[in-house]
Amino acid sequence: MVYMIDDVDKILEFKTWNDKRKIDELLRIDCKMYTNLGSDSSKTERAEVKKNSRKIYRAISKIDERLGKGFLFAMDKE
């Protein structure tokens, strides 16, 4: 199944997935969003992807606080 940004909360609740698999899937969603951006993407589209990334990184911090906070810190340095 292909998961999207709307599935972030659902992924966190999966009981049969271990933490690594959850984080991997969340990062795959994040990666997919950025790879779909192009040079012709508008500022609004770029801002939306960044907002969604922040949501994903907050979800990751619920699984692994250090990793999630590291992603958020790196994002804020941009």
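**Ground rules.** I am working with a predicted model, where local features need pLDDT of at least 70, side-chain atom pairs count only at pLDDT 80 or more, and totals for chains, interfaces and linings use all residues. Residues are numbered from 1 along each chain as its sequence is written, and side-chain values use heavy atoms, with hydrogens and water left out.

**Fold.** I looked up the secondary structure and found four helices and zero strands. I took helices (H or I, at least four residues) and strands (E, at least two) as DSSP runs, numbered from the N terminus. From that end the order reads α-α-α-α. The radius of gyration is 13 Å, close to the 12 Å of the globule rule for 78 residues, so the chain is as compact as a globular protein of that length. For this I used C-alpha atoms, and the rule is 2.2 Å times the number of residues to the power 0.38. The C-alpha trace spans about 40 × 30 × 15 Å along its principal axes.

Buried means under 20% relative accessible area, exposed over 50%, and partly exposed in between (1.4 Å probe, protein chains only). Among contacts (heavy atoms within 4.5 Å) with a separation of 6 or more, 45% join residues 24 or more positions apart.

**Aromatic rings.** How many aromatic pairs does a search of the whole structure find? It finds four. The ring centres of Y3 and W17 are 5.7 Å apart with planes at 90°, so I noted this pair as edge-to-face. Y3 sits in the segment before α1 (8–13) and W17 in the loop between α1 and α2 (19–35), 14 residues apart. Y3 counts as buried at 11% relative accessibility, and W17 is buried at 11% too.

Next I checked Y57 and F71, whose ring centres are 5.0 Å apart with planes at 25°, so they are stacked. Y57 belongs to helix α3 (residues 43–63) and F71 to helix α4 (residues 65–76), so the pair ties together parts 14 residues apart in sequence. Y57 is buried at 11% relative accessibility, whereas F71 is partly exposed at 26%.

My cut-offs: rings of Phe, Tyr and Trp (its six-membered ring) pair if their centres lie within 6.5 Å; planes under 30 degrees apart are stacked, over 60 edge-to-face, the rest tilted. Last, I noted one aromatic cluster formed by Y3, F14 and W17.
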